[in-house]
Amino acid sequence: MGKSTIVNALTEEGLMETGEISGKIKRGRHTTRHVELLQMFKNTYIVDSPGFTSLDTALLKDENIAELFREFKPYSEGCRFRNCRHIEEPDCKLKEQVGVNISPERYNRYKKIMQELKEVKF
């Protein structure tokens with residue numbers, strides 16, 4: 001589901017053009033081609049803008065990625081190692097919270113980003 005589909009669901013009107021799911025890649029196609037300010041309700045506006053299909057991780061540093069996941073913060077400080085990356089290290093307090101206070105899907109997304117950074121650097 002893309003941003004335009006979400007806007008349509010929130011307004012209960014077909015304000016935005018939406019496309020079909022691609023049979024080949026099993027994802028939606030970009031249909032938004034310009035930036036538009038939409039009035040959703042009285043005194044409530046939303047900006048619809050084109051999305052992106054990939055994230056260029058070349059400028060990211062792996063030691064800062066965990067900070068981008070807000071729900072990690074309460075648990076990332078108590079690890080055994082100060083430079084814990086929360087992936088393979090023993091006694092990682094953050095990993096102990098996966099499935100408890102941290103969504104496995106979010107943690108897996110974090111691991112995927114970390115793996116992509118590792119591949120870019122080598």
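In the predicted model, a nonpolar surface patch of about 440 Å² is made by V35, L37, Y45 and V47. Of these residues, V35 is found in the loop between helix 1 (3–11) and strand 1 (36–41), and its relative accessible area of 58% places V35 in the exposed class, because exposed residues are those over 50%.

Charged side chains are paired elsewhere in the model, where the count comes to 3 salt bridges. In one of them, the side chains of E71 and R106 meet at 2.7 Å, N to O. This pair links distant parts of the chain, 35 residues apart, since E71 lies in the loop between helix 2 (62–65) and helix 3 (73–76), whereas R106 belongs to helix 5 (residues 104–121).

Although D91 and R80 are 11 residues apart, each is placed in the loop between helix 3 and helix 4 (93–96). The relative accessible area of D91 is 43%, so this residue is partly exposed, while R80, at 53%, counts as exposed.

Being 3 residues apart in helix 4, K93 and E96 are separated by about one helical turn. With relative accessibility of 36%, K93 is partly exposed, and E96 is partly exposed at 45%.

Key. Residues are numbered from 1 along each chain as its sequence is written. This is a predicted model: local features need pLDDT of at least 70, side-chain atom pairs count only at pLDDT 80 or more; totals for chains, interfaces and linings use all residues. Side-chain values use heavy atoms; hydrogens and water are left out. Patches are made of residues with over 30% relative accessible area and no salt bridge: like charges are joined within 9 Å, nonpolar side chains (Val, Leu, Ile, Met, Phe, Trp, Tyr) within 5 Å. Accessible areas come from the Shrake-Rupley method with a 1.4 Å probe; for residues, only the protein chains shown count as cover. A salt bridge is a side-chain nitrogen of Lys or Arg within 4 Å of a carboxyl oxygen of Asp or Glu. Helices (H or I, at least four residues) and strands (E, at least two) are DSSP runs, numbered from the N terminus. Buried means under 20% relative accessible area, exposed over 50%, partly exposed in between (1.4 Å probe, protein chains only).
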